[in-house]
Number of protein chains: 2
Amino acid sequence: MPSEEQLHAAMQGYLDALNRADVEAITSLFADGATIEDPVGTGVHPAAEGLARLVGALPTGSTFTLDTPIRTSHANGAAMAFTVRTAVEGVPVEIHSIDVMQFDEAGLITQMRAYYGPSNLRSGDSIGAA
Amino acid sequence: MPSEEQLHAAMQGYLDALNRADVEAITSLFADGATIEDPVGTGVHPAAEGLARLVGALPTGSTFTLDTPIRTSHANGAAMAFTVRTAVEGVPVEIHSIDVMQFDEAGLITQMRAYYGPSNLRSGDSIGAA
């Protein structure tokens with residue numbers, strides 16, 4: 001089973017690589033055959049193609065910041081709450097997500113599920129609103 | 001499918017009922033046959049008995065506070081990061097958890113999974129440390 005330190009490092013490494021838009025570093029955190037569902041309810045996709053599409057669609061300068069410390073577990077799972085700050089056609093946009101990851105014995109991610117709905121998106125003047 | 005408003009209300013209602021240590025209100029949020037795993041990796045239990053045990057073990061005055069807004073999804077799932085503040089034999093203890101819930105079509109919780117590991121517990125002087 002991966003150690004808590006490995007789970008923390010993989011979760012933080014995922015955010016760090018997203019902040020660099022480094023597809024190679026991101027995909028290196030995932031096991032062969034891994035899946036992603038981002039957000040939950042929009043379909044499960046192979047991680048390799050899903051992550052490349054996700055990063056390819058990121059506007060330059062998008063940032064990913066933890067809201068609160070990464071949570072691990074007593075097994076091969078971990079979760080983290082973070083905020084994506086980006087812009088669409090010049091309008092600032094925030095997405096508040098919680099990503100839940102499942103890991104294999106080597107500490108590679110086998111499943112990523114991102115929890116956010118329409119109410120977790122903010123743009124323009126609604127940023128910072130309750 | 002439950003609306004986002006229903007998911008938000010159920011998640012907040014769960015924390016509110018925990019703050020009142022109101023077992024009846026908590027169990028009314030769960031579907032018959034629901035399961036809980038708190039924390040992930042320590043075994044899946046029927047919700048009714050698991051929740052009664054969880055609340056029964058809570059020291060008086062324990063509080064449950066959201067760290068960051070509740071996340072929903074585009075399906076029957078939601079997640080939230082929160083902090084439990086309690087005390088064990090007079091020593092303050094904090095538990096940082098992310099709870100992930102699955103819902104049925106009526107908006108009742110069918111599955112709760114709590115993500116926290118040993119590194120997500122703080123007590124005494126370690127509270128507030130990184």
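Predicted model: local features only at pLDDT ≥ 70, side-chain atom pairs only at ≥ 80, totals over all residues.
Residues are numbered from 1 along each chain as its sequence is written, and chains are lettered from A and ligands numbered from 1 in the order in which they are written. Local features need pLDDT of at least 70, side-chain atom pairs count only at pLDDT 80 or more, totals for chains, interfaces and linings use all residues, and side-chain values use heavy atoms, with hydrogens and water left out.

Helix 1 of chain A covers residues 4–19 (helices are DSSP runs of H or I, at least four residues, and strands runs of E, at least two, numbered from the N terminus). After the helix comes Ala21(A), with a positive phi near 50°.

Over all chains there are 4 aromatic pairs (rings of Phe, Tyr and Trp, the last by its six-membered ring, with centres within 6.5 Å; stacked under 30 degrees, edge-to-face over 60, the rest tilted). Phe64(A) and Phe82(A) make a tilted one, 6.3 Å centre to centre with 40° between the planes. This pair links strand 3 to strand 4 of chain A, 18 residues apart. Phe64(A) is buried at 7%, and so is Phe82(A) at 3%.

Strand 4 also holds Thr86(A), buried at 17% relative accessibility. Beyond its neighbours within four places in sequence, Thr86(A) has contacts including Pro59(A) and Val93(A) (heavy atoms within 4.5 Å).

How values were computed
Buried < 20%, exposed > 50% of the residue type's maximum accessible area, 1.4 Å probe, protein only. Expected span 1.5 Å × (residues − 1).
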